[in-house]
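User: I would like to go through this structure with you. Could you take my questions one at a time?
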2 protein chains.
Amino acid sequence: MESIPPSLTIKHIAQLAEASTSTVSRVLNGSGYVSDAVRKRIEQVILDTGYLPSSIAKDLKSQRSSMVGVIIPKINSFAASEIVAGMSSVLTARHYSVVLANTENTPKSELDYLHVFKRQRVCGILMLATEITPEHLETIRSMIVPVVVTGQDASEHGVPSVIQDERLAARQLTDYLIRCGHRRIGLIGVGDWDKQVGGERKAGYVEGLLTNGIAPVESDAVYGGFELHDGATGVDKLVPYCSDQSPTAILAVTDRLAIGAMSRLMERKIKVPEDVSVVGMGDIDISAVYRPKLTTVHYNYFNTGAAAASILVDRMHGDSRGAERQVMPFELRIRESVATRQ
Amino acid sequence: MESIPPSLTIKHIAQLAEASTSTVSRVLNGSGYVSDAVRKRIEQVILDTGYLPSSIAKDLKSQRSSMVGVIIPKINSFAASEIVAGMSSVLTARHYSVVLANTENTPKSELDYLHVFKRQRVCGILMLATEITPEHLETIRSMIVPVVVTGQDASEHGVPSVIQDERLAARQLTDYLIRCGHRRIGLIGVGDWDKQVGGERKAGYVEGLLTNGIAPVESDAVYGGFELHDGATGVDKLVPYCSDQSPTAILAVTDRLAIGAMSRLMERKIKVPEDVSVVGMGDIDISAVYRPKLTTVHYNYFNTGAAAASILVDRMHGDSRGAERQVMPFELRIRESVATRQ
DNA sequence: GTGAAAGCGCTAACAA
DNA sequence: TTGTTAGCGCTTTCAC
């Protein structure tokens, strides 16, 4: 809370231009009748002084605002920064401004930010969610402005959501592995409190196995966090040092985990993809450049953010015909981390 | 500009609690005397109704705000997103909110955003600059709130700046290459309208050569843009197809350029580092993972953003003792992309 | 301790 | 075509 040095007000301009504040307001907003002579005079004064009207006062008076709150778990990550760029792109094109809340992966603070946004009287909220708890839902429902989420599917709770078809993606990846001749496929997953990455991606893996007549084996799926070392840990669980009965391929539910897994494998002198194949999901920038280049699923995060923002803009304009649930397309990116088995 | 659905006002709370708006205001701000009985009653009503006071009205009345404008050329890039994370981290700790302007690499729009921020009556501005033109300077000077830049050095113009010691970093890198036995070192640079990356880094390269008694040769330095393909183009200029007289090492002024260069080299069956060594600058996330792992200079972007935000906060509190110019430390990251020559 | 009243910078009836 | 006036939701003297 810093005091703002006093700036010019509409009154000053009115005085300098020898007009009333309402007339100045009219030329400012291009509304109502103003004679050319007066308009010229006022415009000149505005130019000379560099006057910029306070949107704070304007917003208060007119009970409207053009600020959109954006909640992000970690702005300094590939996917999140792409999503924000996409959101920002459509929002600024429509002359909204973006208030950014970076929660640094502390879901608790998401609720705090929701409150801050409410005080700030933002006109809409965009949220990249990792987990939607009942408290989240309650707070979102108490919001009087539109909210659109991405990252998780909250459409069944009436919150418009933009999501990826995680399940189908994981299933196609599994399918691909099986077509390459793999029959024993390990999964490095995350907890299923994360419905999309934890739940759906795993479900897709199981579906892929099942539709190919392979029975999923419990111990071939391991779970952990989202970091590189979780990928390494996953490998150690899946590929024991003294055993010849380990998976020939591993599906890691994120690229980061896949890269952690590959590093660990190579550290242990296990060749990728010759000995063990690995696939990831997400197609982060590193994946195309890592050796071996990672076979993965590509999501267009920028477009995902843009789509969420578009839906929000529609809702803010009172147009609620837009889908409650938009599923973004994905693409398999076949690269070099999978070997064919006969 | 969306109309905000009407929410509770301080008047409603006053009525419900059978008190005056001033008393409610007092309990809201913990200022002035309020009897316990009345306070309890008011707090209860606030809790029951979930009332959140409008910061718009508060800001207007009290002529203060807690919004900081942040201008970024491209949020979806490694360095920028780290810097924003650092800024956001200190700003939110101090209860400021962040209004993000992603200019998508159109410097022209930086000026526009500066104006938007002025209308919004933000209490301070943080800017990640690529180029500071006279217009920029003029607009910044016309700002009545503190401005802190990073990425470029504007301290000589009275604008507090947080920068990297680009020159020393490039010089140490050049030194290192020479210590490894290289005598003919090429430079893949960028235009020197970018004073830091274009000007300073090149200056450091020349200094490094000179202090080691090597005369810089004009044709060993080439210039282009910031993209991967600019790195490739640089290589083709520096290492002609039919010549045995090409550099044994290349200093690329960014990691991205270095990676573009290495890819091109390897495409042309020139081994890195055996045939040609390559170093970059910046230590983006990919560099540690590329093969060969890139030797480069590491900057802590998160801390850079945090430092800029700290200075801004000090300035906003009226404390201008803080340095006009803060130079962030860097570290050489020796990895695998440089070979030793005898 | 508490409330009435003025006013922050702007917009929008309504008058003139 | 222009000016007067009454607020928007809050804070802050200043009386009581």
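User: In which sense do β2 of chain A and β1(B) pair?
Analyst: In this predicted model, strand β2 (residues 64–65) of chain A and β1(B) pair in the antiparallel sense, over two bridges. Two strands pair if DSSP finds at least two bridges between them. Strands (E, at least two residues) and helices (H or I, at least four) are DSSP runs, numbered from the N terminus.

User: Which residue does Arg64(A) stand opposite?
Analyst: Arg64(A) stands opposite Ser3(B), which is in β1(B).

User: How are residues and chains labelled, and what does the prediction limit?
Analyst: Residues are numbered from 1 along each chain as its sequence is written, while chains are lettered from A and ligands numbered from 1 in the order in which they are written. The model is predicted, so local features need pLDDT of at least 70 and side-chain atom pairs count only at pLDDT 80 or more, whereas totals for chains, interfaces and linings use all residues.

User: How many residues of chain B are in contact with chain A?
Analyst: 50 residues of chain B are in contact with 50 residues of chain A; contact requires C-beta atoms, placed from the backbone, within 7 Å. On the side of chain B that touches chain A, the largest share, six residues, comes from α5(B). That side divides into 22 nonpolar, 18 polar and ten charged residues. Ala, Val, Leu, Ile, Met, Phe, Trp, Tyr, Cys and Pro count as nonpolar, Asp, Glu, Lys and Arg as charged, and the others, Gly among them, as polar.

User: Changing topic: is Arg121(A) buried or exposed?
Analyst: Arg121(A) is buried, with 22 other C-beta atoms within 10 Å. Buried means 20 or more such atoms within 10 Å, exposed 12 or fewer, and partly exposed in between, with C-beta atoms placed from the backbone. Phi of Arg121(A) is near 55 degrees, a positive value in a residue other than glycine. Most residues other than glycine have a negative phi.

User: And what about His95(B), buried or exposed?
Analyst: His95(B) counts as exposed, with 9 C-beta neighbours inside 10 Å. His95(B) also has a positive phi, of about 65 degrees, and lies in the loop between α5 and β4 of chain B.

Technical notes: Contact = placed C-beta atoms within 7 Å.
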